[in-house]
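Here is a short briefing on one protein model. Look over the sequence and the fold before reading the points below.

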Amino acid sequence: MRPYLIESKESRSLSNLSLTMLLKQVTAYKIVLLRGFQPLERDELLHYCQSQTQLLSWSFGPVMEMKVDEAPKNYLFTEGDVPLHWDGAFHQEPRFLLFNCLLAPDQGSGGETVFVNTEAVWHSATKEQQQEWQHYSLAFHTEKLAHYGGSTTRNLVNHHPDTQHVILRFAEPVGEDYLNPVEVRVLGKKEPESHAILAALSQTMRQPQFMYQHQWQQGDFLLADNFSLLHGRNAFQRHSPRHLRRIQIL
């Protein structure tokens with residue numbers, strides 16, 4: 001899986017492009033990467049999105065600053081890795097994710113955002129796997145220490161709301177060695193079997209043919225489909241810069 005790349009050779013402004021058009025391309029290609037465009041200040045980017053779409057808002061508003069916090073309450077705001085997940089499981093699921101890279105990690109220091117195409121995972125599965133997966137329901141629980149928390153249950157096999165393609169609602173457990181861990185279990189299965197099923201699903205999702213690991217460049221704008229894709233993050237070296245601005249589009 002590779003992103004659909006739109007490059008501006010003349011340093012145009014992103015605001016000159018129709019966001020509605022870009023989102024249609026995201027539905028078709030899963031990831032759209034825009035490079036060479038003029039930087040937008042926070043309020044300019046927010047206005048660009050709000051003028052054409054509806055945004056998901058949290059207690060801090062619709063814009064999340066993804067960077068290392070000096071006193072983090074959640075693993076998202078550390079330099080550690082982030083297990084695979086989709087956004088909004090404990091709140092409201094956004095349709096699209098928009099990222100803007102303000103500071104890129106140093107070359108070779110990690111910090112790539114990892115995307116997994118669950119539609120491709122489903123299509124590559126055997127008939128036996130597909131039949132088995134259709135019976136799985138997953139329960140998720142985490143304490144609300146940051147901007148999300150609670151308990152929720154999802155069937156593993158779902159359908160994309162626009163294309164009706166089969167998608168998979170999966171998230172890797174976040175262990176006790178992380179800040180704000182997330183418990184994941186397969187309903188109706190005893191703990192050892194549940195662990196084995198989750199480990200097998202994780203191994204399947206992380207096969208190279210289903211993954212794209214985006215190495216950020218300063219100024220990147222990236223749009224991703226939050227329904228077809230899972231995403232996560234590779235750990236990065238301490239003190240390496242990494243600052244992404246994220247907006248979630250309903």
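How many bridges join strand 6 to strand 14? Five bridges join strand 6 (residues 113-117) to strand 14 (residues 229-233), and the two strands run antiparallel. This is a predicted model, in which local features need pLDDT of at least 70 and side-chain atom pairs count only at pLDDT 80 or more, while totals for chains, interfaces and linings use all residues. Residues are numbered from 1 along each chain as its sequence is written, and side-chain values use heavy atoms, with hydrogens and water left out.

**Sheet**

- Helices (H or I, at least four residues) and strands (E, at least two) are DSSP runs, numbered from the N terminus.
- Two strands count as paired if DSSP finds at least two bridges between them.
- Four strands form an open sheet in the order 4-14-6-12, and the pairing is antiparallel.
- Strand 4 and strand 12 (211-214) are the edge strands, and each pairs on one side only.
- On average, neighbouring strands of this sheet are turned by 15 degrees against each other, direction ignored; the axes are lines fitted to C-alpha atoms, for helices over the stretch in contact, and angles run from 0 to 180 degrees between N-to-C directions.
- Phe115 has His231 as its bridge partner in strand 14.
- Strands of a sheet pair through backbone hydrogen bonds, either parallel or antiparallel.

**Salt bridges**

- The structure holds 13 salt bridges (a side-chain nitrogen of Lys or Arg within 4 Å of a carboxyl oxygen of Asp or Glu).
- Lys30 and Glu119 form one of them, at 2.9 Å from N to O.
- That pair links distant parts of the chain: Lys30 sits in the loop between helix 1 (19-29) and strand 2 (31-35), Glu119 in helix 3 (residues 118-124), 89 residues apart.
- Lys30 and Glu119 are buried (buried means under 20% relative accessible area, exposed over 50%, partly exposed in between, with a 1.4 Å probe and protein chains only).
- Glu65 and Arg245 also meet through their side chains in a salt bridge, with 2.9 Å from N to O.
- Glu65 belongs to strand 3 (residues 63-66) and Arg245 to strand 15 (residues 243-249), so this pair ties together parts that are 180 residues apart in sequence.
- Glu65 is partly exposed at 24% relative accessible area, whereas Arg245 counts as buried at 11%.
- Arg95 and Asp225 form a salt bridge in which the closest N and O atoms are 3.1 Å apart.
- Arg95 is in the loop between strand 4 (82-85) and strand 5 (96-103), and Asp225 is in strand 13 (residues 221-225), so the pair ties together parts that are 130 residues apart in sequence.
- Arg95 and Asp225 are both buried.

**Cysteines**

- The number of disulfides is zero (a disulfide is a pair of cysteine sulfur atoms within 2.5 Å).
- For Cys49, the nearest cysteine sulfur is that of Cys101, 16 Å away.
- Cys49 is buried, with a relative accessible area of 0%.
- Cys101 is likewise in no disulfide, and counts as buried at 2% relative accessibility.

**Backbone**

- Most residues other than glycine have a negative phi, and most peptide bonds are trans.
- Ser11, which is not a glycine, has a positive phi near 50 degrees.
- Ser11 is placed in the loop between strand 1 (4-7) and helix 1, and is partly exposed at 35% relative accessibility.
- Gln164 has a positive phi of about 65 degrees and is not a glycine.
- Gln164 lies in the loop between strand 9 (157-159) and strand 10 (166-168), and is partly exposed at 48% relative accessibility.

**Cavities**

- A search of the whole structure finds four cavities of 30 Å³ or more (on a 1 Å grid over the protein atoms alone, a cavity is a set of points where a 1.4 Å probe fits but cannot get out; lining residues have an atom within 4 Å of a point).
- The largest cavity has a volume of about 280 Å³; a volume is the space filled by probe spheres set on the grid points, which are joined across faces, edges and corners.
- This largest cavity is lined by 20 residues, of which Tyr75, His85, Trp86, Phe90 and Tyr148 are the closest to its centre.
- Strand 4 and strand 15 each supply at least two residues of that lining.
- Strand 4 gives the largest share, three residues.

Definitions and conventions: 1 Å grid on protein atoms, 1.4 Å probe; cavity = no way out; pocket = protein on both sides within 12 Å on 5 of 7 lines; lining within 4 Å.
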